[in-house]
Each structure stands twice: as structure tokens, then as C-alpha cells.
Amino acid sequence: MLNRLRGMLIKEFIQVFRDTRTRFLLFGPPIVQMLVFGYAATLDIRHIPTAVLDYDHSQVSRDLVSRFTASPYFDVAARVDDRRAIGDLIDRGDVTAALQINAGFAQDLRKGRPAQLQVIVDASDSNTALIAVGYVNQIAARFAQEYQQDRLLRTSPMQASRLPSVVLDRRPWYNIDLDSQWFFVPGVIGNLILIMVVSLTAFAIVREREIGTLEQIMVTPIGRLEFILGKTVPFFLIGLFDTALISLVGTFWFGVPFRGSIGVLAMGAVLFILCMLGVGLFISTISRTQQQAMVSGFFFNMPAITFSGFGTPISSMPEEMQWLTYLNPLRYFLEVLRGVYLKGVGVDVLWPQMAAMGLFGVVMLAISVARFQKSLD
């Protein structure tokens, strides 16, 4: 059995690596995708194109506008003189937000009355709109506080010195600079491994069936278990190698700290790859052509990534959807990746995630092998 299995493995590795394009596709695209998604996937909203309509034309209103131009969150893309121009700019997509300062803004502040600042945002992208409004609130509140302090210092210095103040002392753990790249890069590793291992496993077996060589292999002394191992072990090893490769890119290129143990990361990667091998083998049992395998893989990959917590917090999902995430092995692998990378935790903390992936992998491999043997009959 070992001799036959070794021959099957040698045959698979030769078939995979004999083509230059195939060798590149196995290792080149994961690195390229890691670089692309590492930069593109971010929660930071910066350089929001903004229009300004200033009816007040005072030194105070210009000071307020300068707060926005100096902020990294807003780029003043247009200064208009008519309110109707704001609607046109937002409709064309030239700006996302607009600030309108009404006449008498500075006079209201000098008299101690509330001064109104109108903010118009394009809420077709609700996430960007909410974040933009939050940034505006922060800048406006800071401006109002500093203006009142300066006013009191000029009019009543003694009273200004007695004003109470609250200083916020922030202490973020694990990600001091609140860099969203540190959160997304480990998630990209999990997504790429999922897509690659599932696709390789499903396509390799379906290809044998589609071109008619599956029956030729099965009439040889190679048993079904040997055939399944010979088809899956190479992709298991390739998945491990790619995990190490893109993890190195995430650590050294993007500067994401690796605070945990390589052994814990390797254990999580092994369990997750076994889960994906089971999924890929299952797809191969329900597909007769490579096109069917591609579509089936798409229907698995997209929900798996969506329900993993990669971009959307699981706690923000409806309760029914949150229960579905427990059936998603990518959810547990992302928790392992982020726990090992950012928190440096070990198996004593991550054992529930490890156990869940191990259980899912055993169940999926058992079901897939049973279905695969039945499909051969």
C-alpha cells in the first residue's frame, strides 16, 4: 500500500509541477492577492471628498473650515456659492459630504448662542456616511470647546482657569495605533487558503473524471483510499507551504506583529486545511464537470467569507445568522490567526476553536469519503 501511495503522490507532484504556468499559479497569485487585499481591505475612511458652502465668510467660519482641510479624513474638493450645486456634486459622485455654514455663524458664537453647522452626506454608502458624520462631530465639538475656552480667557481669565476638564487616556491593547491592516491581513491569509485548497481539491478529482482517466486509475491495483490520499495529500502540503509563504509576507511586508507561537499557528493551519480538503472532496462528489465544481465552490466560498467575521462583526449580524457562523470553519481559523498574531495566545485559550475545526474536518472528510466511494460505484 505504501509503495502504491508513494507512486500516486509522485505522479500528482509531477503533474502539478511539470507545467511552468501551474507552478506560478500555485504560489504567485497568493502572494499578489495578499499584497492587493492587504492594502485594499481596510476599515479606515480617509480623504472623504467634501464640498464647502460658507454663507458667513467670517474669520471664525474660515477657521472651522481649516480644521477640516487639516484633517486626514476630509479633502475639500469643491467650494460652492449655491446650495443647489451641492446636490449636483453629490449626484455625480464628485463629493461624499458637504458642509454648509449659515450667515451669522460667528455672531451666534460671540453672543453665546448655539451656532448651527449643517452636514449633508451621501448615505447610499451608509457605513461611510456614519463614519463621516462621526468625524464631523469630533471636529466640530473640539472647535466649539476651544472657541469657548479662548473666549473665556479673553473675557474672564479667572473663571476660565477654574473650568473643569476631562482628559481621555486611551490604552488600546494589542493594536496601539488602531491600524486596521493588523486586523485584516491575518483574515486575508485565511480567505486565500480557503479558496486555494477548496479549488485545488475539487478541480483535481473532477478533472480526472471529466477527461476519463478516473476509470483507468481505478482498474489499477490502487485502492480507493490510496487514490483519495494520493489526491489530497499533495494539496495539503501545498496549502501548508502557501500558509507559511503568505504569513511571511503579512509579517515582514505589512509589519503585522507575530506575538504567538509558530506551533500553535501550524496546528490551526493543519486543522483548517483538513476542513477545506473535506469540503473540496465533497464538492468533487456532487460535480461531474469542472464548471460545476467552480460554481459549487463559489457558493461555498462567498458565504464562508461573509459569515467568518472577516469584514463584518459577527455580533452585528441577526441572531439567526450568528448561529450559522458556528458551522463555518473559517470563523474559527480567523480567531486563531488573530489570536496568535496580535494577542500571542496559545492552545489554552484557542482550544475551543481548534476542537471545532477538528470536529468539522473529521465529519466532512468522513462524509466526503463515503460519498466519493459511492460515486465510484
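Here are some notes on the aromatic contacts in this predicted model.

1. Ground rules: in this predicted model, local features need pLDDT of at least 70 and side-chain atom pairs count only at pLDDT 80 or more, while totals for chains, interfaces and linings use all residues. Residues are numbered from 1 along each chain as its sequence is written, and side-chain values use heavy atoms, with hydrogens and water left out.

2. Searching the whole structure turns up eleven aromatic pairs (Phe, Tyr or six-membered Trp rings with centres within 6.5 Å; planes under 30 degrees apart are stacked, over 60 edge-to-face, the rest tilted). One of them is Phe-184 with Phe-310: the centres are 5.3 Å apart and the planes at 75°, so this pair is edge-to-face. It links distant parts of the chain, 126 residues apart, with Phe-184 in helix 8 and Phe-310 in the loop between helix 12 and helix 13 (helices are DSSP runs of H or I, at least four residues, numbered from the N terminus).

3. Phe-184 is buried at 4% relative accessibility, and Phe-310 is buried too, at 15% (buried is under 20% relative accessible area, exposed over 50%, partly exposed in between, with a 1.4 Å probe and protein chains only).

4. The charged end of Arg-338 sits over the ring of Phe-183, 3.7 Å from its centre (CZ of Arg or NZ of Lys within 6 Å of the ring centre and within 35 degrees of the ring normal). Arg-331 does likewise over Tyr-326, at 4.4 Å.

5. Phe-258 and Tyr-341 are also edge-to-face, 5.1 Å centre to centre with 90° between the planes. Phe-258 is partly exposed at 27%, whereas Tyr-341 is buried at 1%.

Conventions
Helix = DSSP H or I, 4+ residues; strand = E, 2+ residues; numbered from the N terminus.
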